[in-house]
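Visitor: I would like to learn how to read strand pairing and ring pairs in a model. Please take me through some cases.

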Amino acid sequence: MTTMIALAIIFAFGIAVAPASAESTAELGKQAPNFTLTDSKGITHNLSDFKGKYVVLEWINFDCPFVKKHYDGDNMQNLLKAYRDKGVVWLSICSSAPEKQGNFDNAEINKRIASLKANMNAYLIDADGKVGKMYGAKTTPNMYVISPSGELIYAGAIDSIKSTDKEDVAKAENYIKSALDEAMSGKAIKTKSTQPYGCSVKY
Amino acid sequence: MIAMSGNTFANDKLKTADARVVSEYSTISPQTEFWLAVEISPKDKWHTYWINPGDAGLATSVDFSLPEGFEIIDTIWQIPIKFEFEGMASYGYDQKHFIFYKFRSPKELIQRKYRIKAIVNWLGCKDICIPEKKEVEITLKSADKSIINKDFNKIFKKIPNKYNGALTAKISNKKLTIELPNDIATSKDLYVLPFSEGIIDNSATQKITSIPGQNFIEIKLDNFHIEIPEKFQALIINKKDAKLVSIIINK
């Protein structure tokens, strides 16, 4: 009976769920695929909850040297804070499978978040990789920006210098900053997609 | 063959690979073109990356410090292999391999010896990735006449062959279709590997089709592909060798 009611609700509200296939369905200029994931504090989030706001999706693996490049020098934390202060929702998503690098229990995740002083809205767990594959996330980091109307407006690298050196952060163009600044001021986004760089997502 | 090991940064023991530089010539004369090969040897189960690493990873880079008047005039990467994993693909090497740099010595060589240094940066990966680097150097003697190292030819292999003429291609329905000349379409087991990242879907099967008198290879574009240049270079790799081609997009 409960299952029937749940199914009825899904059909009534047209809630999309992650498809079983591994085919990426995210496309620039189209509605970002909806998903439901639970975060490291046990709270469940739907992407559709954040309609009306800019949303950044950040694929993450704390032990990847490319992620460390941006977290060790506080680049990611500063970027996060600057745009959260402007009302942007920041969702970090970890698609590392169990036993693979980056897959931690909630206690460890929350400990790492606290020690890095990273203030994302939520760290979402995608251990079966369905949402990662839905978005075609290949690397950590791999970034996506979604407009308040739900359109995917940027996909790709965090910045323009592919390296693991944190000294390169200051010299690089930050594509998330550029996309959000342009979109928020009503301008066309100059760079809508770039090739992401990083460690492979550990599906 | 003259080869020099180098200094490992910060006394860290290298975990994923080792590097050194070897020279075609032990002694060089003025205005000589010669090859230096940076040798990278991944350790067991580790791999490093080609110039286009594919879906993940980072290309090896070599930063040279050159004596005055020396210049690099060409670079050749050995043919990479494809690694497929978790619905993605990367390109690189899991065995000893070389990146070849063609040098030209200056018009005058006033010193008896010249030291060429380089910092080799690579990303070593297996189930995890570790960025590493090593400083390598080589000292070459100068004389009126160059002296070649006969052993160098033994390593100067697995080099793509430059193809004369450009291939034409078109883009439609999120696919890149390249016309293959008869002298390239000699095998069904070939694939196209652009030098630039972000053009093709690296894990998608590349489909060879034929109509009478013409052969094509159809390649799915990356879902979030970059702006595709009108002309770009690629390798066409089969089981035996690889051809370095230019591809021109017909609009």
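Visitor: Which residue in β2(A) does A:Leu37 stand opposite?
Guide: Strands of a sheet pair through backbone hydrogen bonds, either parallel or antiparallel. In this predicted model, A:Leu37 stands opposite A:His45. The strands concerned are β1 (residues 36-39) of chain A and β2(A), paired in the antiparallel sense over three bridges.

Visitor: What is the order of the seven strands in the open sheet of chain A?
Guide: The order is β2-β1-β5-β4-β3-β7-β8, with mixed pairing. Since β2 (44-46) and β8 (152-156) of chain A each have a single partner strand, they stand at the edges, and one side of each is left without a neighbour in the sheet. On average, neighbouring strands of this sheet are turned by 30° against each other, direction ignored.

Visitor: How many aromatic pairs are there over all chains?
Guide: A pair of aromatic rings is described by the distance of the centres and the angle of the planes. The whole structure holds 21 such pairs. One of them, B:Tyr25 with B:Phe34, is edge-to-face, at 6.5 Å centre to centre and 75° between the planes. B:Tyr25 has a relative accessible area of 15%, so this residue is buried. B:Phe34 is also buried, at 0%.

Visitor: What kind of pair do B:Phe70 and B:Tyr114 form?
Guide: Their planes are at 50°, so the pair is tilted; the ring centres are 5.2 Å apart. B:Phe70 lies in the loop between β7 (61-65) and β8 (71-77) of chain B, and B:Tyr114 in strand β12 (residues 113-125), 44 residues apart. Both B:Phe70 and B:Tyr114 are buried.

Conventions:
Residues numbered from 1 in each chain as written. Chains lettered and ligands numbered in written order. Predicted model: local features only at pLDDT ≥ 70, side-chain atom pairs only at ≥ 80, totals over all residues. Heavy atoms only, no water. Pairing = 2+ DSSP bridges. Helix = DSSP H or I, 4+ residues; strand = E, 2+ residues; numbered from the N terminus. Axes fitted to C-alpha atoms, helices over the stretch in contact; angles between N-to-C directions. Phe/Tyr/Trp six-rings, centres within 6.5 Å; stacked < 30°, edge-to-face > 60°. Buried < 20%, exposed > 50% of the residue type's maximum accessible area, 1.4 Å probe, protein only.
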